[in-house]
Each structure stands twice: as structure tokens, then as C-alpha cells.
Amino acid sequence: MPTDPYPSRSEGGRTLLLHPLISASDDADSREEFRRLAEAAGVSVIAEVQAPRDRPDPKFLVGSGKVEEVVGLVEDNDIGLVLVNGRLSPIQERNLARALRCNVLDRTTLILDIFAQRARSHEGKLQVELAQLKHLSTRLVRGWTHLERQRGGIGLRGPGETQLETDRRLLADRIRQLTARLGRVEQRRAQGRRARRRSDIPLVALVGYTNAGKSTLFNRLTESAVMTRDQLFATLDPTVRRIEALPGSPVLLSDTVGFIRDLPHELIAAFRATLEETLGASLVVHVIDASDPDRGRHQAVVQEVLEEIGAGELPMLKVYNKVDRTAQSAGVERNVAGQVEAVWLSAMTGEGLDALGSAIVERLGEGRIRREIHLPPQGQRLRSRLFDLGGVCSEQVEDDGSMRLQVDLARRDARILSRLDGVDGKLAEDLLLD
């Protein structure tokens, strides 16, 4: 496999950030986010350079004059790594590394490196390695000296095989192995999803921009101890826990990886199996940082990724977190139809958590069914099940043997009753779920 062409430079040490300013999206928020990504990777940022241009330079992405400026900074400050806030083509990456005489990584490679640091589960490590290898397979054009050598020896004479071709073949073999292993993992995930559907336990998926506070909220709701930290991608591996404190039967809560603008396609592809856990959710809870002035754009990024994996049409509840950092108070927002659309809260202080629990129950359709029903004489079995569930408040028996019942039960229980065989299931569906 390719080795570091600049082994004397330390990637974990002194770093320069290069910000090409080419499109309207290259704003101060983008630069701040890139700076936080670099910090999350564990490097020490020594200098930052902005490089405005009307259009990308095919050779360096930035202009040759800016490259000369960066060369001076690299030499004067003993910079070992230059991080480019953008996506470099393989040729641009090679040319910049040659000109600067240090390692050069673009935004995609940086994010892949952070994911590699944070993956803890077996599946997460496989997914990250697959994403890295797919990315590396497009970059075997660095022109390093070992790629020019020919292999020789007994059984390998003749036209020979370049090291570049060997690397590509080895990469392709490893990618196939990882894809097959992840396929088996996905089969196990699918079995788990089917088991959850059979148990009729609803799944609520937490999604949101990275560092919006999903893991803190997850810990609060499930009384768990998922690692939280004020940095991008503090947690990577998805976690599923039960919420026992909500009214009615338990609910499963899933904490997914945080999203980010321009999330590398390699990562979306590799983590598709994990992200597609969201597809089995009864409700998507979109966690938003209420204190973030750029929250509108971040919401759009999350929605874009959900659309890409086919989860854009799932029922969604917005949760505006970190109200303790704003002038907004905790509370609930409803639409004109009276449905809960958003909850404002602070996962850190706990303010508004009760309102979120009630909103989840309501949006899951697990609100209480309170009504009078008229059971015919042949509904004795259904009547017995209603009493077993504690859902009968009062009963009046008519002269013809029919029964008038005042019922109060969870909608989930009513849905289970509707699956009874024969007349009982039909009665439960008609009388309780119409």
C-alpha cells in the first residue's frame, strides 16, 4: 500500500488550514466548521489562509500566487500538514503536496480520518475502512517513486505488473471482502428490525446536525451513558435503547451519526446500512441546535441526507435543543390542526423533557383512546381482553346481551386487539380505531 511520501512531517502536529473561497457557500460559518473539524481530528492549527478565486484552478484548486504564500508559511512555521477546506481532485492533491513539500489532505479525507478515530464497534470500523478504501482507490496517482517499480522474479517475468496495478488490485479485493462482511451485518440488522416489528415496539430515531446535542438528549431519555463531548462527531456508532418512562408500552430510541454539510459520498454509501435504520422508525426526531445562527442551513442538510436514504417522508418531530443558551423558553409548538410540530427544550438542564415525552407519545399515535363502544353479544372475547388490559372504566349490559363500555386504553393496545382472529379483531378495528 502507498506509504507517507513525507515521513519527516507529523500529521498530528503543526497544521495550516487553506480555505479556497470560490462559491457563495464558502462563508465564515464554513471556515469555522472546518476549523472545528481540524480540532476534532486532534491537530494543532498554526495558521489559516483564505484564497479567493473566481473559478477553481485545475492544477492547485487555488492560484499559484497563493501556493507560493503557503509555501513560505509552511517553511517558516515548520508546518507538517495542510488541510484544504474543499474537495481536491487526485491531481490537485498531488500537485499541492509536491509544491508545499508536506502532506496535504482535503475536507473529505479529514472527515474520513475523524470517523476512523471515533469508530468503536466492529461494524463501524468496517464501514469506515470501506469508505477510506473507496476514497483511496481514486487517489492512486500520486506519482510516488514506489509506484513506478516493476515486479519481477520467478513466475512474474514477461510484461510484469506495476506496483500501481498491484495496489489497485489489492484495494479492489479488500473492498469486495468488506462489502461482503457488511452485507452479512446488514442481514443481522434486518433480522433485528423484523423482530422489533413483530414485538410491536415503536422505534424513534434521533437525527440531526453534528453537535446538536443528540447524545445528551439520548442519555436523558434513556438514562444511558453514551459519550458526549462539545465537538463534531463526538459519537459515531449508533445506539438503541428502550425508553421505559413514557406512558403505555416501552419505546425504542435510536441515536444515529450526526450529519454535516457536504458529507462525503463515500461515507453516505458506507454508512447506508446504519442510516437506513431510520427507515424502520415510527417517528423521526430531528434535533436542532436552537442557539446556532446557521440552524436553517443545518436543517436543510439533514433533510437532504434523509431524502437521499429514502426517509424524507417519515413522520417528523422537530426538537430545538439548547434553549438554555437562548432567550427562548421551553415549550411546545402546534400546527393549525393542533398536532405537535416542535418542542423547545434543554437536554443539558432537563427543561422541557416532560413535554418532549408527551409529544413523542402523541406523535406516535399512542395517545389514549377514550370513548364509549357498543359490543354485540358475540364480542365476549374482546370484552375479556379489554378488561385484562385494564381498559374498561364502566360497563352496562343491555337486555339483548350487548354491552356498552366506557374504554380508556393506549392506542397501541387497541392496534394489538385489532389483530385478533375472527370477529374480535374486526370489532376492535371498527369500534376502537375508526
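User: Let's start with a crossing: does α1 pass α4 in a left-handed or a right-handed way?

Analyst: The crossing of α1 past α4 is left-handed. A crossing gets that label if the near helix is turned anticlockwise from the far one by less than a right angle, and it is right-handed if the turn is clockwise. Helices here are DSSP runs of H or I with at least four residues, strands are runs of E with at least two, and both are numbered from the N terminus. Keep in mind that this is a predicted model, where local features need pLDDT of at least 70, side-chain atom pairs count only at pLDDT 80 or more, and totals for chains, interfaces and linings use all residues. Residues are numbered from 1 along each chain as its sequence is written, and side-chain values use heavy atoms, with hydrogens and water left out.

User: What is the angle at which helix α1 and helix α4 pack, and how far apart are their axes?

Analyst: Two packed helices are described by the angle between their axes and the distance between the axes. In this case α1 (residues 28-40) and α4 (residues 107-118) pack at about 40°, with axes 9 Å apart. That makes the two helices, α1 and α4, oblique to each other. (Under 35 degrees is roughly parallel, over 145 roughly antiparallel, 65 to 115 roughly perpendicular, and the rest oblique. The axes are lines fitted to C-alpha atoms, for helices over the stretch in contact, and angles run from 0 to 180 degrees between N-to-C directions.)

User: Which residues in α1 and α4 meet?

Analyst: From α1 come Glu-33, Phe-34, Leu-37, Ala-38 and Ala-40, and from α4 come Arg-107, Leu-110, Ile-111, Ile-114, Gln-117 and Arg-118. Contact means heavy atoms within 4.5 Å. By type, the residues of this contact split into seven nonpolar, one polar and three charged. (Nonpolar covers Ala, Val, Leu, Ile, Met, Phe, Trp, Tyr, Cys and Pro; charged covers Asp, Glu, Lys and Arg; the others, Gly among them, are polar.)

User: How do helix α2 and helix α3 pack?

Analyst: Helix α2 (residues 64-76) packs on α3 (residues 90-100) at about 50°, and their axes are 9 Å apart. The pair is therefore oblique. Helix α2 passes α3 in a right-handed crossing. On the α2 side the contact has Val-67, Val-70, Val-71 and Val-74, and on the α3 side Leu-96, Ala-99 and Leu-100. That gives seven nonpolar residues, with no polar and no charged ones.

User: And at what angle do helix α12 and helix α14 pack?

Analyst: About 65°, with 9 Å between the axes of α12 (residues 380-388) and α14 (residues 422-432). Their crossing is right-handed. Arg-381, Leu-382 and Leu-386 of α12 make the contact with Asp-424, Leu-427, Ala-428 and Leu-432 of α14. Five of these contact residues are nonpolar, none are polar and two are charged.

User: Switching to rings: how many aromatic pairs does the count come to?

Analyst: A pair of aromatic rings is described by the distance of the centres and the angle of the planes. Rings of Phe, Tyr and Trp (its six-membered ring) pair if their centres lie within 6.5 Å; planes under 30 degrees apart are stacked, over 60 edge-to-face, and the rest tilted. By that rule the count is one aromatic pair. Tyr-320 and Trp-344 are stacked, at 4.3 Å centre to centre with 15° between the planes. The pair links distant parts of the chain, since Tyr-320 sits in strand β9 (residues 316-321) and Trp-344 in strand β11 (residues 340-344), 24 residues apart. Both Tyr-320 and Trp-344 are buried. (Buried means under 20% relative accessible area, exposed over 50%, and partly exposed in between, with a 1.4 Å probe and protein chains only.)

User: Is Arg-14 buried, partly exposed or exposed?

Analyst: Arg-14 is partly exposed, at 36% relative accessible area. You'll find Arg-14 in strand β1 (residues 14-21). Leaving out residues up to four places away in sequence, Arg-14 touches Ser-44, Ile-46, Asn-77, Asp-78, Ile-79, Gly-80 and Leu-81. Arg-14 and Asp-78 are 64 residues apart in sequence, yet their C-alpha atoms are 7.2 Å apart in space.

User: Where is Asp-78 placed?

Analyst: Asp-78 is in the loop between α2 and β3 (81-84). Asp-78 counts as exposed, with 52% relative accessibility. Its phi is positive, about 50°, although Asp-78 is not a glycine. Arg-101 also has a positive phi, near 55°, and Arg-101 lies in the loop between α3 and β4 (103-106).

User: What about the whole protein chain: how many helices and strands are there?

Analyst: The chain has 14 helices and 14 strands. Of its 434 residues, 49% count as buried.
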